[in-house]
Amino acid sequence: MKIIKWGIIGCGNVTEVKSGPAFQKAPNSALVAVMRRDAALAEDYAKRHNVPKWYSNAIDLINDPEVDAVYIATPPSSHKEYTILCAKAGKPVYVEKPMALTFEECNEMISVCKEHNVPLFVAYYRRALPRFLKIKEIIDEGKLGNIRHVNCVLYHPFEKRYDDEINLPWTVLPHISGGGIFVDLACHTLDFLDFVLGPIKSVRGHATSQLKAYPSEDAVSMSFLFENGIHGSGIWNFASFERYDNTEIVGDKGKISFSTFGNDPLHIQYTNGEKESITIENPLHIQQPFIETVMAELLGKEGASASKGVSGSRTTWVIDQVLKEFRESES
């Protein structure tokens with residue numbers, strides 16, 4: 001069977017364990033080139049991960065005839081640019097989440113990829129993780145009955161690394177990330193809810209900066225309505241008490257509670273009083289199960305991958321709705 005040869009644009013921290021090695025371990029996949037603007041860091045990554053080629057210019061990697069498909073692991077501010085370049089070169093794209101800075105950018109990416117008949121995948125890898133597939137299975141089998149509502153809560157204390165105004169991480173710089181920690185983390189939860197409950201059609205919310213430690217929001221509350229009538233609510237705060245991460249999906253026969261991050265057990269309760277706890281640990285290379293679905297689709301299995309441009313753009317649309325007023329007030 002054909003081997004898909006991958007190139008990575010942006011071989012930073014996220015690619016060290018979560019994703020990079022998966023392109024070497026997934027069946028029929030090979031990682032043949034990596035790129036980083038700092039040539040020394042690109043070379044170091046290539047040597048440590050036994051990658052044959054390294055570049056300091058994205059165009060050179062995209063135009064490499066040995067690269068069949070490209071994984072874009074840069075910050076969101078360059079996702080659109082690199083996706084369009086890959087599409088015009090006829091190379092399938094696997095882009096990190098969030099898909100782009102705005103819903104409008106997402107649509108541009110989708111349009112160009114469609115025009116050039118290039119597949120576009122988005123790294124919402126929870127759609128393929130066994131732990132989250134188990135949640136979907138429980139809901140799809142009707143064990144919770146008809147789903148009525150969902151509630152998401154994620155908060156943690158302020159981190160000292162955000163004290164340095166001159167050297168702030170890009171994740172809290174809106175012109176690079178599209179927002180703050182909410183955008184970086186909440187997108188995973190919102191996308192998974194889209195996967196198991198369907199698209200969200202209406203969003204209301206508030207975003208503020210309570211500490212004013214960096215340019216982006218640090219507190220978000222929102223309510224939302226799915227197309228199928230399920231209600232949702234959520235609150236995210238990144239200058240709060242101890243770490244807490246819990247999403248609760250409630251039906252008329254039971255409910256399931258789980259964390260988006262980590263390996264915490266799934267907790268299920270039923271109307272008859274029965275309780276169940278299920279532990280399914282995430283793999284070391286957490287993106288590998290999803291990358292294997294991308295590989296399967298690229299090798300001809302239609303519909304193998306569950307996260308593509310259209311679904312990824314829906315999550316960015318939700319984020320745009322809840323951050324709209326905050327963005328306007330800060331501009």
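## Basis of the model

In this predicted model, local features need pLDDT of at least 70 and side-chain atom pairs count only at pLDDT 80 or more, whereas totals for chains, interfaces and linings use all residues. Residues are numbered from 1 along each chain as its sequence is written, and side-chain values use heavy atoms, with hydrogens and water left out.

## The annotated N-terminal region

An unreviewed UniProt entry carries the annotation "domain: Gfo/Idh/MocA-like oxidoreductase N-terminal" for residues 4-124, and such annotations may be inferred rather than shown by experiment. Over residues 4-124 the chain is 35% helix and 21% strand, with the end C-alpha atoms 20 Å apart; helices (H or I, at least four residues) and strands (E, at least two) are DSSP runs, numbered from the N terminus.

In helix H4 (residues 79-88), the residues His 79, Tyr 82, Thr 83, Ile 84, Cys 86 and Ala 87 are buried, where buried means under 20% relative accessible area with a 1.4 Å probe. Their cover includes strands S1 (4-9), S4 (69-72), S5 (93-95) and S6 (120-122) together with helices H3 (58-62) and H5. After H4 comes Gly 90, whose phi is positive, near 75°.

## H5 against H10

The axes of helix H5 (residues 103-115) and helix H10 (residues 309-330) come within 8 Å and cross at roughly 165°, the axes being lines fitted to C-alpha atoms over the stretch in contact and the angles running from 0 to 180 degrees between N-to-C directions. That makes H5 roughly antiparallel to H10, a term for angles over 145 degrees.

Phe 103, Cys 106 and Ile 110 in H5 meet Gly 309, Val 310, Ser 313, Thr 316, Trp 317 and Asp 320 in H10, contact meaning heavy atoms within 4.5 Å. The residues of this contact divide into 5 nonpolar, 3 polar and 1 charged, with Gly counted as polar.

## H8 against H10

Helix H8 (residues 181-197) also packs on H10, their axes coming within 9 Å and crossing at roughly 125°. H8 and H10 are therefore oblique to each other. On the H8 side Phe 182, Val 183, Cys 187, Leu 190, Asp 191 and Asp 194 meet Ser 311, Arg 314, Thr 315, Val 318, Ile 319, Val 322 and Leu 323 in H10. By class, this contact has 8 nonpolar, 2 polar and 3 charged residues.

Lys 301 lies in the loop between helix H9 (288-298) and H10, and Lys 301 is exposed, with a relative accessible area of 57%, exposed meaning over 50%.

Technical notes. Angles under 35 degrees count as roughly parallel, over 145 as roughly antiparallel, 65 to 115 as roughly perpendicular and the rest as oblique.
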